[in-house]
Amino acid sequence: MFSLDKLLRENIKNAKPYSSARDEYKGKEGIFLDANENPYGSAATGDFNRYPDPLQWEIKGILSNIKRVEPEKIFLGNGSDEPIDLIIRMVCRPGKDNIIILPPTYGMYEVSAAISDVEIRQVPLTEDYQLRPEEILKTVDENTKVIFICSPNNPTGNIMNKKDVEQILKGFNGIVVVDEAYIDFAPSSSFLSELDQFPNLIVLQTLSKAWGMAGLRLGMAFASKEIISVYNKIKYPYNINIATQQFVKEGLLNILNKEKMVAQILEQREKLGEELKKLSFVSKVYPSDANFLLVKMDKAPKIFEFLIGNKIITRDRSKVRLCEDSIRISVGTEKENEALMKKLSEWKG
Ligand SMILES: *Cc1c(COP(=O)(O)O)cnc(C)c1O
């Protein structure tokens, strides 16, 4: 049986959240002499002199409609990095507990765990980049607190088999994080619809990829009200600034813009994949459910350098286990992809 209460660190259970000046009075009108703000305005152009809403209810209201998840089941962070880091600090005792990651995968899970002095256990993906649920569950011990599943996975691009993810959710009494940073580019559905079925599930999404708001830093965690209330208790009080809240609100109301861009990126992804396959030194273009392609080729590190020399920057993944000889290429605009293909056609290995 999953019990958040049993999972939480003792100090987190006992922690009292910071009580901000704005917690005591909920009204919008009034003479605010409580938070030591500047009453005259801001040195910058814009209404920035007041502290932002600590719980970002306006944005959560809009997100709730888009995602069909209650606002109380949403946590917003400074990028996805914040909910990743906070979940580790919420349940993992430094020097005692461990997390499981499934490489090759996103680097931040490991970085956050290491900073918190939390052991990292690794269960590599299969050759075709799928999960090994049996092995993963065998690797769990009484100190395993979190399993991170990235789907679609970075850097391999594929979505994980739903049955395998569910097997892990059912077989593990700790937290299962399903990182869906690239879900808007995938044909299959999100795990958001399974939130009520699995009290140990946290789904991560972000505005950094499909929504085109990487610079604003807004990551989302969706989970039970219980998990979200602990997130809210331990986060920085004003973790999402006013400028981000304003621009994000505008962006979320332009969902058609996002959908148009996603359609363009998907079209370009297919085209770029086909073109890359025609190159003699490319041995494989992995199928992608994301906005990038993992491409296997002869002399990958040399080609990566050659591209850099031509001011085309890709990501060399050739030193990553199971990604040998591969580089990861983000899908660009039509023009950018053409420039990439032109340079690659000039490559003389
Ligand atoms: C890009 C990415 C994120 C998003 O990170 P942000 O901090 O929200 O910008 C999260 N997870 C994975 C796997 C990613 O590739």
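Buried means under 20% relative accessible area, exposed means over 50%, and partly exposed lies in between, with a 1.4 Å probe and protein chains only. Helices (H or I, at least four residues) and strands (E, at least two) are DSSP runs, numbered from the N terminus.

The model is predicted: local features need pLDDT of at least 70, side-chain atom pairs count only at pLDDT 80 or more, and totals for chains, interfaces and linings use all residues. Residues are numbered from 1 along each chain as its sequence is written, and side-chain values use heavy atoms, with hydrogens and water left out.

**Exercise 1. Determine which residues of β6 point one way and which point the other way.**

Solution. 
- Step 1. In a regular strand the side chains alternate between the two faces of the sheet.
- Step 2. In β6, L201, V203 and Q205 point one way, and I202, L204 and T206 point the other way.
- Step 3. Six of the six residues of β6 are buried, and the strand is mostly covered.

**Exercise 2. Give the strand order of the open sheet and identify its edge strands.**

Solution. 
- Step 1. The open sheet has seven strands in the order β1-β7-β6-β5-β4-β2-β3, with mixed pairing.
- Step 2. β1 (74–77) and β3 (119–122) are the edge strands, each pairing on one side only.
- Step 3. From one strand to the next, the twist averages 25 degrees.
- Step 4. Within this order, strand β2 (residues 98–101) and strand β4 (residues 144–150) pair in the parallel sense over three bridges. I99 stands opposite V146 in β4.

**Exercise 3. Describe how helix α4 (residues 81–91) packs on the sheet.**

Solution. 
- Step 1. Contact means heavy atoms within 4.5 Å. Axes are lines fitted to C-alpha atoms, for helices over the stretch in contact, and angles run from 0 to 180 degrees between N-to-C directions.
- Step 2. Helix α4 touches β1, β4, β5, β6 and β7, and its direction makes about 160 degrees with that of β4.
- Step 3. Eight of the 11 residues of α4 are buried. They are E82, P83, I84, L86, I87, I88, M90 and V91.

**Exercise 4. Characterise the surroundings of K209.**

Solution. 
- Step 1. An unreviewed UniProt entry lists K209 for "modified residue: N6-(pyridoxal phosphate)lysine". UniProt positions are given in the numbering used here, feature names are shortened, and annotations may be inferred rather than shown by experiment.
- Step 2. K209 is located in the loop between β6 (201–206) and β7 (219–222). K209 counts as partly exposed because its relative accessibility is 29%.
- Step 3. Apart from neighbours within four places in sequence, K209 is in contact with A181, Y182, F185 and N291.
- Step 4. A polar contact is a pair of N or O atoms within 3.5 Å; within protein, one must be able to donate a hydrogen and the other to accept it, and residues adjacent in sequence count only if both atoms are side-chain atoms. The side chains of K209 and Y182 form such a contact at 3.1 Å.
- Step 5. N291 lies in the loop between β8 (282–285) and β9 (292–297). N291 counts as buried because its relative accessibility is 16%.

**Exercise 5. Locate the cis peptide bonds that join S151 to P152 and N154 to P155.**

Solution. 
- Step 1. Most peptide bonds are trans.
- Step 2. The cis bond between S151 and P152 has omega of about -5 degrees, and P152 lies in the loop between β4 and α7 (162–171).
- Step 3. The cis bond from N154 to P155 has omega near 15 degrees, and P155 is placed in the loop between β4 and α7.

Terms used: Two strands pair if DSSP finds at least two bridges between them.
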